[in-house]
Amino acid sequence: MSEIFGIPTQALFGQLLIGLINGSFYALLSLGLAVIFGLLNIINFAHGAQYMMGAFCAWFLLNKLGLGYGWALLITPPVVGASGIVIERLMLSRLYKLDHLYGFLLTFGLALILQGLFRQEFGSSGLPYPIPNALQGGQNLGFMFLPNYRAWVVVASLTVCIATWFLIEKTRLGAYLRAATENPQLVQAFGINVPRMIMLTYGFGVALAALAGVMAAPIYSVNPLMGENLIIVVFAVVVIGGMGSIMGSIVTGFMLGLVEGLTKVFYPEASNTVIFVIMAIVLMIRPAGLFGAQK
C-alpha cells in the first residue's frame with residue numbers, strides 16, 4: 001500500500017473526502033448566513049435550527065407521505081423558506097433599525113424554541129434516512145473508494161453556491177438587492193418593493209439551510225440537535241471569509257473543510273479546534289475577514 005508522508009494513501013484521501021463533504025455543508029450554510037447578513041444585517045442564529053428543519057422535512061415527506069429524496073429536494077427548501085418568510089414578517093422586520101444584537105438574541109431564542117419542540121416530539125436519538133437508490137454504491141478510483149452520494153453532495157453544493165454568487169453579483173436582481181442595503185429609499189424610488197425584496201431574501205437564505213439539511217439527512221442521522229454544534233463552526237467560517245461576503249463564504253467553507261480533514265490525519269487532537277484557531281489568527285491580521293471589505 002502506497003503512502004504519503006507516512007500516511008496510507010487511502011486513509012489520506014478518505015479524510016480529504018470527509019473534509020470536502022463537511023466543507024460542502026459549511027459552504028452552503030455560511031452562504032445562507034452571508035446572504036441574510038449582507039443584505040439584511042441580521043445575524044441569523046436560527047440558521048442551524050432551520051438546517052435541522054430541512055432534514056426533518058425530508059424525513060417527514062418520506063415516512064409520512066411516501067415522497068422520496070428527489071421530491072424532498074424540490075419541496076423542502078420552499079416550505080422551510082416560507083416559514084422563514086413568516087418569521088421575517090412577524091418578528092425580524094421590527095428590528096432592522098435596532099442594533100445587530102437584538103436580531104441575534106431573537107434568532108438565538110427561536111433556535112432554542114425550535115430545537116426544544118423537535119426534541120420533545122422526536123427525542124434526541126437520530127432518525128435514519130436512506131441513501132436514494134439512484135445514488136447508492138460508488139466508484140473505485142484505485143487510490144480510494146468514492147461513494148456516489150458523497151460525490152453528488154459535493155457537486156450539488158458547489159453548483160448551488162456558484163449559482164447563488166452569480167445571481168447576487170452578476171444580475172440586475174442582485175444589483176437591486178445590494179443597492180437596497182445601501183440606500184433603500186433610492187431603490188424604492190425606482191418602483192422596487194424593498195420590504196418584499198428583504199422578505200424574499202431572508203426566505204432564500206433559510207431555503208439554502210433547508211437544502212443543506214436535505215442533503216445531510218442520508219449522511220448524518222436526522223436529529224433535533226444536528227444544527228446546534230454545526231452552526232458555531234459555520235459562524236466561524238463566515239467570520240473568516242468576511243461577514244456578508246458571498247464568495248468568501250463559498251471559498252472559506254470548502255477550504256476549511258479540507259483543512260479540518262487534513263488535521264484529522266496529521267494531528268487528530270486539534271481537529272475540533274483548528275477552525276477556531278484560524279479564525280483567531282485571521283481576526284488579528286485582517287479583522288474584516290479574508291474577503292471582507294476593510295473599513
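Predicted model: local features only at pLDDT ≥ 70, side-chain atom pairs only at ≥ 80, totals over all residues.

1. Residues are numbered from 1 along each chain as its sequence is written, and side-chain values use heavy atoms, with hydrogens and water left out.

2. The axes of helix 5 (residues 148–170) and helix 10 come within 9 Å and cross at roughly 165°; axes are lines fitted to C-alpha atoms, for helices over the stretch in contact, with angles running from 0 to 180 degrees between N-to-C directions. The two helices are therefore roughly antiparallel to each other, a term for angles over 145 degrees, whereas angles under 35 count as roughly parallel, 65 to 115 as roughly perpendicular and the rest as oblique.

3. On the helix 5 side, Ser157, Leu158, Cys161, Ile162, Trp165, Ile168 and Glu169 meet Ile246, Met247, Ile250 and Phe254 of helix 10, contact meaning heavy atoms within 4.5 Å. The residues of this contact divide into nine nonpolar, one polar and one charged.

4. For helix 9 (residues 228–241) and helix 10, the axes come within 8 Å and cross at roughly 120°, which makes helix 9 oblique to helix 10. This crossing is right-handed, and the contact is made by Val237, Ile240 and Gly241 of helix 9 with Gly248, Ser249, Thr252, Gly253 and Leu256 of helix 10. Its residues divide into three nonpolar, five polar and no charged, with Gly counted among the polar ones.

5. Ser271 sits in the loop between helix 10 (246–266) and helix 11 (274–285), and is buried, with a relative accessible area of 7%; buried means under 20%, exposed over 50% and partly exposed in between, for a 1.4 Å probe and protein chains only. A polar atom of the Ser271 side chain lies 2.9 Å from the backbone oxygen of Pro268. Not counting residues up to four places away in sequence, Ser271 touches Glu260, Thr263 and Lys264.

6. Ala111, found in helix 4 (residues 100–122), also counts as buried, at 4% relative accessibility. Leaving aside residues up to four places away in sequence, Ala111 touches Phe45, Ala46 and Ala49.

Terms used: Helix = DSSP H or I, 4+ residues; strand = E, 2+ residues; numbered from the N terminus. Polar contact = N/O pair within 3.5 Å; in protein donor to acceptor, adjacent residues only side chain to side chain. Left-handed = near helix turned anticlockwise from the far one by under 90°.
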